[in-house]
Amino acid sequence: MQGMMMNRPLKIADILSYAADVHPSGEIISVRTEGDLHRTTYGEISKRVAQLAHGLRDLGVEPGQRIATLAWNGYRHFELYYAISGIGGVCHTINPRLSAEQMIYIITHAEDRVLFLDVTFVPLIEALADKLPADLRFVLMTDRAHMPKSTLDLLCYEEILEGHPTSIEWPDFPEETAAGLCYTSGTTGNPKGVLYSHRSTVLHAMSAAIALPEGTASGRKILPVVPLFHVNAWGLPYITPMTGASLVFPGPALDGKSLFDLMDQEGVYSAWGVPTVWLGLLGQIKEEGRLPDGFKDVVIGGSAAPEAMIEAFETAGVNVCHAWGMTEMSPIGTQGNLPYPMRDLPLAERVAAKSSPGRRIFGVELKIVDEDGAPLPHDGKAAGELYVRGNTIASGYFNNPDASAAAVDKDGWFGTGDVAMIDPTGFLTITDRAKDLIKSGGEWISSLDLENIVMSHPRVASCAAIAVPHPKWDERPLLVVVPEGDQPPGQEELLDMLAEHFAKWQLPDDIVFADTLPLTATGKVSKLTLRKIYANHALPDAG
Ligand code: ADP
């Protein structure tokens, strides 16, 4: 028997209409490429989004067309998210840190019709222009007064809005309609496009808001360091208009001092981003000897949060929520807010509990399997490849039948490529990315576990453990360390520290020091690049 309730399509535009109605004074504060700080509200921005939607239609944008953005976190980027999807288009966010070759590939693959770009990226696109589709149009996200001279035929963003009505009747379409497109950074092979729908986007925002109530509560300010060009800034532009939290967009400057000053000035309650950006902020907090005013909550995801980082924040009085997910999951899969009785644990136990990225959010199912695909128990001991299933998880990749076929198993679960354990209370431990595990003489060594210990050394800024080829053992661990300050810790000292936690055969065969670690386009340590750099590294006992 069917239920007898209305069946209205879930639509992204309804999120902003709701905010304009219920949270009209919720703010969107942006550091602009023009150099100033811009303030608006959900009430005001919904009018500009309507104008932009009319303007897009005037440009000839039709439902289903892909419209690209190449921009920092700011209110105009937010407007594009809503206006493009509102009229049935697909907002394709491009990561400016991709290589030129990858950028050309994804713009061509997505068949983008219009590219909206921040002033910063004009030289980048000028240099690529002759390799981009001839009919691609460019809109510069600024006003007439800030339009630079360019070899590109540039339209002006503010002129596209001008003269249009400040309201719009958003069209209805099925909730499965595509709304957003984000390519994974493609560490192997070409980037693959994840095509979000209105339904998946709205459901993801609702689940994430429930799972992460701390910073997203009405009236609080959230700063997404995580870019709008990387998995929809983890859903924040959709979550906050639902809950009534305000958004503080940091623009291009993401160093510790710029973040500290902006957070301090605006009284940011919660900030979200990958571990590498928090190293900078923690450095600035140390220098200032205090937290930014009002800072109470940090969401760390995208890579494993080192225990030393969790401890530093928690000691300073900032609640850490360690989250795990991926582009294909919209992206949030699990979150590490502790259940209430555990919140009062002593510091050391709390930090240890939070080194797990927590439990699945509502709507995401998890399973771990052995090499034959057979499910493994959630006993906190068995480790296997992690598979996921749910309404916010990709069922395949845009225009890529081969990758789509390989993505899901016969029961429709998506293979994450991560190796994990799940304990009986649902807490997840990511052992490693399958491709980053180090296989020594048939036994696996977790690079994440080694790094976690070394990162707790006060004179280590960051580090990475990677596999290097070995004639006898196939692979052995090499540790690459970036020291903090000019007194690097000794090799012996680090090995002694590791020896307290690991068996002898799991210890790195060598430790090398470097000034920096290479990063991927999404700001994570690029182990692929490190493996290439050190492929011929002579290990001391390799003969
Ligand atoms: P890319 O970095 O290639 O763009 P994603 O941003 O989608 O791709 O990265 C997803 C991957 O990042 C996960 O599969 C996992 O390996 C890693 N990851 C994300 N969060 C965590 C975490 N909390 N702990 C460990 N690994 C994580």
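**Close-up 1. Residue classes in the lining of the largest cavity.** Five nonpolar, six polar and four charged residues make up this lining. Nonpolar covers Ala, Val, Leu, Ile, Met, Phe, Trp, Tyr, Cys and Pro; charged covers Asp, Glu, Lys and Arg; the others, Gly among them, are polar. The model is predicted: local features need pLDDT of at least 70, side-chain atom pairs pLDDT 80 or more, while totals for chains, interfaces and linings use all residues. Residues are numbered from 1 along each chain as its sequence is written, and side-chain values use heavy atoms, without hydrogens and water.

Close-up 2. The cavity holds about 130 Å³ of space. A cavity is a set of points on a 1 Å grid over the protein atoms alone where a 1.4 Å probe fits but cannot get out; lining residues have an atom within 4 Å of a point. Volume is the space filled by probe spheres set on the points, which are joined across faces, edges and corners. Of 15 lining residues, R32, T33, G74, Y75 and D118 lie nearest the centre. β1 (27-31) and α3 (75-86) each give two or more residues. Helices (H or I, at least four residues) and strands (E, at least two) are DSSP runs, numbered from the N terminus.

**Close-up 3. The second largest cavity.** Its space is about 70 Å³. Among its 13 lining residues, N95, L98, C182, Y183 and F229 are closest to the centre. The lining has six nonpolar, seven polar and no charged residues.

**Close-up 4. Buried residues of helix α15 (347-354).** R350, V351, A353 and K354 are buried (under 20% relative accessible area, 1.4 Å probe, protein chains only). They lie on the same side of α15, because their arc around the axis is only 160°, taken from the directions from the helix axis to the C-beta atoms.

Technical notes: Buried < 20%, exposed > 50% of the residue type's maximum accessible area, 1.4 Å probe, protein only. 1 Å grid on protein atoms, 1.4 Å probe; cavity = no way out; pocket = protein on both sides within 12 Å on 5 of 7 lines; lining within 4 Å.
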